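Please walk through a protein model with me, one feature at a time. I would like the general idea before each case.

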Amino acid sequence: MTWTPYSLKCQVRAFGQLRDHLHRKMCWQQAQVRWRSTCRPAPLLTASPSRALIDEPIRIEVHHLPSHTPVTVRARMTSEEGDLWESLSHYHTDAQGAVNLMRDPSVGGSYVGCEPMGLFWAIQPAPGGREGLRLRKRDVETPYSVHLSLLGGHVSQWDGRGGEPEDGPVLATTVVDRWYMAPGVRRIEVRQNSVVGTMFLPPGPGPFPAVLDLWGMGGGLVEYRSALFASHGLASLALAYFGHKDIPGPLNCINVGDSYFRAAFQLLQNHPQVCEDRIGVMGLSFGVYLSLRIACQLSVSPRCVVGINGPVGSFNKFASEDGQKESFEEDQKHWSYDEQGYVSFREVSLPSNIPQDNHVKVENLCCPLLYIVSEDDLSCAAQENADEVERRLHAAGKSHLFTRLSYRGAGHLVEPPYAPNARVSLWTTRPTMLMTLWGGNLTDHAAAQEDSWQRILGFLRSHLLRKE
């Protein structure tokens with residue numbers, strides 16, 4: 001056999017990998033001997049509380065292990081679409097043979113550092129799964145069931161083929177159920193006065209302050225944020241306005257106009273369990289434009305507005321009563337693509353690219369506005385739109401109404417905390433599969449979601465609960 005420099009290099013690499021594997025296996029076998037010789041209790045993995053709201057921290061601990069031993073904690077769940085998601089974190093037990101994720105840093109796996117909820121916000125599609133996945137809860141009346149496992153050694157990503165990881169056995173398991181709906185929250189489908197949505201009411205007789213909840217151009221009816229609002233004492237109406245089967249017209253067009261959004265706001269006002277003068281409006285992405293339009297141009301009076309990474313106007317003209325009759329996808333001159341062919345809509349939302357006639361008259365705003373900006377947003381020009389809103393409010397003598405929160409490293413999809421970020425996800429399959437860029441890195445995005453959610457709740461409570 002003739003040895004080339006390349007083949008020799010491959011042999012050296014293979015030898016190094018074998019040596020590392022044997023070293024890990026020997027360490028694990030030594031740990032097993034120590035376990036057997038001390039007759040200690042069986043390894044224990046605990047998660048408290050085991051049933052919690054999605055935004056509630058979980059305390060994860062490991063006990064009854066040998067001291068200074070490498071272990072892995074793995075989170076795994078199956079989405080409603082049947083896809084496997086997982087995350088891993090590597091630890092070394094302390095002198096008492098314990099690990100506490102509230103205190104101890106992960107030294108490898110899906111993230112590093114002391115991140116008590118890292119196993120949840122770092123969870124990603126398992127290797128070999130479908131491309132372009134984004135984790136979104138559709139049935140809010142059921143939980144996400146997250147299976148936690150304690151594994152011996154520092155285990156690499158599971159390959160999904162079944163059986164135990166090669167580096168060590170499963171030592172202990174537990175399950176955490178994570179909910180968007182607290183016990184006692186009521187979910188009510190709304191098909192009234194042409195309004196399509198879902199209302200969530202907190203436990204008790206009320207009346208409650210309320211939030212009109214709007215999402216972006218992904219379409220359909222997104223309920224999970226509204227369910228979580230109700231779990232925190234705020235009634236909420238999740239409103240569909242685009243791409244829903246119960247709204248007449250083409251699914252790829254906005255077939256409703258100002259009268260529809262006015263009717264939705266008034267539906268909340270007129271509900272017997274809602275405080276009619278304590279209603280806020282919240283939007284993400286294109287929902288920000290709609291939220292501003294409701295507050296500034298529809299002759300209704302919300303107490304406050306929250307906007308997350310959205311534009312001050314609409315590139316396509318929004319007719320007062322009929323919505324947008326042209327599809328968002330008809331004019332693609334401001335779409336841009338990266339080297340992988342993933343599309344970004346960021347330039348579509350630049351204030352300079354939006355016709356002036358299509359801008360919201362933000363100078364008419366009469367209530368406080370919290371504007372959240374992600375500095376790595378690849379889907380919307382969030383910073384430029386925040387600058388434009390701030391400039392126009394300042395010119396109108398209303399600077400005191402504007403509050404901006406900016407988050408470095410966060411992407412477009414700022415959601416309630418501990419949800420995993422999707423930097424890229426599937427946009428459409430017609431006529432061909434197209435991925436869209438959202439931006440954000442896992443760690444910074446997770447920090448932004450945790451901080452912004454508490455500030456959103458605080459902002460809403462301060463303006464919806466206080467008396468005028």
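The dialogue below goes from the whole chain to its parts.

Q: What kind of model is this, and how are its residues numbered?
A: This is a predicted model, in which local features need pLDDT of at least 70 and side-chain atom pairs count only at pLDDT 80 or more, while totals for chains, interfaces and linings use all residues. Residues are numbered from 1 along each chain as its sequence is written, and side-chain values use heavy atoms, with hydrogens and water left out.

Q: How many helices and strands are there in the protein?
A: Helices (H or I, at least four residues) and strands (E, at least two) are DSSP runs, numbered from the N terminus. The protein has 7 helices and 21 strands.

Q: What share of the residues count as buried?
A: Buried means under 20% relative accessible area, exposed over 50%, and partly exposed in between (1.4 Å probe, protein chains only). Of the 468 residues, 54% count as buried. Asp331, in the loop between strand E15 (304–308) and strand E16 (336–337), counts as partly exposed because its relative accessibility is 32%. Asp331 is 17 residues from Val348 in sequence, and their C-alpha atoms are 9.7 Å apart in space.

Q: How does the span of helix H4 compare with what its residues should give?
A: The expected span of a helix is 1.5 Å times one less than its number of residues. Helix H4 (residues 258–270) has 13 residues and should therefore span 18 Å, which agrees with the 18 Å between its end C-alpha atoms.

Q: Which residues of H4 are buried, and what covers them?
A: The buried residues in H4 are Asp258, Tyr260, Phe261, Ala263, Ala264, Phe265, Leu267 and Leu268. Their cover includes strand E14 (274–284) and helix H5 (286–297), as well as strand E10 (186–192).

Q: In what order do the strands of the open sheet with E1 lie?
A: Two strands pair if DSSP finds at least two bridges between them. Here 3 strands form an open sheet in the order E1-E3-E6, with antiparallel pairing. Strand E1 (44–48) and strand E6 (99–100) are the edge strands, each pairing on one side only. Strand E3 (residues 59–63) is joined to E6 by 2 bridges, and Glu61 has Asn100 in E6 as its bridge partner.

Q: How many cavities of 30 Å³ or more does the structure hold?
A: Rolling a probe the size of a water molecule over the atoms shows where empty space is left. On a 1 Å grid over the protein atoms alone, a cavity is a set of points where a 1.4 Å probe fits but cannot get out; lining residues have an atom within 4 Å of a point. Grid points are joined across faces, edges and corners, and a volume is the space filled by probe spheres set on the points. The structure holds 5 cavities of 30 Å³ or more. The largest cavity has about 120 Å³ of space, and of its 16 lining residues the closest to its centre are Leu135, Tyr144, Arg178, Ala419 and Pro420.

Note on methods
Contact means heavy atoms within 4.5 Å. On a 1 Å grid over the protein atoms alone, a cavity is a set of points where a 1.4 Å probe fits but cannot get out, and a pocket is an open set with protein on both sides within 12 Å along at least five of seven lines; lining residues have an atom within 4 Å of a point.
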